[in-house]
Amino acid sequence: MAFARRPRAPLPLGRLWGSQRGACARAMALPRRFALELPGCTVAHFAVGDGVPGAHSDPQGLAALLGPPGRSYSLCVPGPPGGDCAARVRAARLHQRLLRQLRRDPLQRCQLRRLLGYWPGGGAGDVQHGFLLHDPSDSPDTRRALFALLGAHPEAPRLGEFVGDESRQVWQRLWELRDGAGWQQVGQEPVVAAPEPDLHPAVPDLPSSAVFPHRAAARAVLEACTPFIPEARAVLDLVDQCPEQLRKGEFPVIAIEGLDATGKTTVTRSVAESLKAVLLKSPPACISQWREIFDDEPTIIRRAFYSLGNYIVASEIAKASTTSPVIIDRYWHSTATYAMATEVSGGLQHLPPAHHPIYQWPRDLLKPDLVLLLTVSPEERRQRIEGRGLERTKEEAELEANSVFRQKVEVSYRRMESPGCCVVDASPSKEEVLQMVLSIIHNNCN
């Protein structure tokens with residue numbers, strides 16, 4: 001970011017955001033805010049525009065955050081207003097395409113950070129996912145490459161560019177591609193430090209993007225995917241064969257959760273054998289063949305797939321529990337906890353607080369009688385994983401590379417409610433853990 005002559009007076013915020021202001025009346029009335037994920041799992045908040053409640057001028061801090069040396073650029077994919085599920089899916093896929101292209105030449109030399117645009121007190125659809133790109137060399141080729149990238153996507157967002165004046169005040173220039181005129185600067189606003197909201201800005205959006213509260217919400221997402229993911233229709237056909245109203249049989253249903261290398265697979269098999277129980281797994285075998293396809297999609301699509309897998313398993317649970325006990329290798333809790341740990345940036349302190357509604361079991365999903373959470377120390381997990389060549393999803397692989405992510409998953413597990421998790425120390429021998437688990441089941445399910 002270069003410090004140059006003082007920019008001209010800022011334009012009104014309504015002109016700055018143009019067509020995006022129609023998302024909701026609140027969005028038109030309040031300045032735009034941003035949450036930037038920084039190294040060390042911290043989150044910095046800043047705003048663009050005058051009159052931000054609680055905001056304050058912090059030239060030194062913002063200059064250090066957004067440059068110099070170098071120059072920073074921002075782009076956030078506009079989110080659809082209201083509950084337009086198809087538009088949310090399109091926005092998520094555009095975000096993913098942009099991310100992949102930003103990681104290639106000539107832009108891969110730049111530092112890329114996660115950026116959220118939001119309004120305080122916003123709800124579903126008010127969060128815009130994007131990026132802050134910092135070019136340490138301040139090369140003019142970077143802006144040209146960004147113009148070319150965004151110009152190739154008609155639905156792509158505008159480009160923000162951060163500059164400063166002689167007083168070290170940071171400003172955001174907004175660039176827009178206009179028909180027949182190329183890229184034009186359409187606004188310039190001061191950047192100010194903003195207070196951290198009580199709730200992470202991604203949390204209100206979770207029920208419509210990652211932690212779906214009922215079957216219909218997840219189903220709508222995959223329905224929107226059927227034009228470009230043929231397997232989505234196959235999943236929906238299987239889901240639609242499952243009754244919406246299910247009742248558990250008279251035999252106990254126990255879900256066993258845990259991170260990889262906690263002995264979960266061994267314990268579930270041993271418990272099922274000891275209780276002569278039916279062993280089920282989520283996602284079920286009938287859709288597991290498509291996991292690789294959906295794992296490569298954005299969060300909203302990937303999470304809808306796993307959520308609907310739970311409803312298919314629920315149908316199997318209802319039938320099997322009429323004749324024998326049922327053990328489930330992962331169920332709803334793993335779907336929700338991984339989603340929260342992934343979507344809520346920052347550290348443990350940014351997770352939804354305990355007893356937040358997001359930790360509640362979906363109202364239309366068959367509940368187990370008991371949920372067991374197997375835990376081991378990080379050191380024990382590493383020792384178990386070494387040399388085993390475990391097949392893991394991208395999120396499970398992230399557990400090994402990012403200790404904060406692992407802690408967020410574990411804390412989210414412990415905060416789940418109705419039912420909550422009964423924590424089991426899985427560090428002892430297999431035999432001891434099995435006896436401990438059987439004792440807990442006997443004490444809680446008889």
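Analyst: Let's start with a single pair of residues. A255 sits opposite I328 of β12. Keep in mind that this is a predicted model. Zooming out a bit, strand β10 (residues 253-258) pairs with strand β12 (residues 326-329) in the parallel sense, over four bridges.

Those two strands belong to an open sheet of five, and the order is β11-β12-β10-β13-β14, with parallel pairing. At the edges you'll find β11 (278-281) and β14 (422-425), each of which pairs on one side only. From one strand to the next, the twist averages 25°.

Now for the helices. α9 lies across β10, β11, β12 and β13 (370-375), and runs at about 170° to β12. Then there's helix α16 (residues 403-415), which lies across β10, β13 and β14 and runs at about 155° to β13.

α9 has a helix partner too. The axes of α9 (residues 264-275) and helix α17 (residues 430-444) come within 10 Å and cross at roughly 55°, so the two helices are oblique to each other. The crossing of α9 past α17 is right-handed. On the α9 side, the residues that meet α17 are T266, V267, S270, V271, S274 and L275. Facing them from α17 are K430, V433, L434, V437, L438 and I441. Sorted by class, this α9 contact with α17 comes out as eight nonpolar, three polar and one charged residues.

Terms used
Residues numbered from 1 in each chain as written. Predicted model: local features only at pLDDT ≥ 70, side-chain atom pairs only at ≥ 80, totals over all residues. Heavy atoms only, no water. Axes fitted to C-alpha atoms, helices over the stretch in contact; angles between N-to-C directions. Parallel < 35°, antiparallel > 145°, perpendicular 65-115°, else oblique. Left-handed = near helix turned anticlockwise from the far one by under 90°. Contact = heavy atoms within 4.5 Å. Nonpolar A, V, L, I, M, F, W, Y, C, P; charged D, E, K, R; others polar. Pairing = 2+ DSSP bridges.
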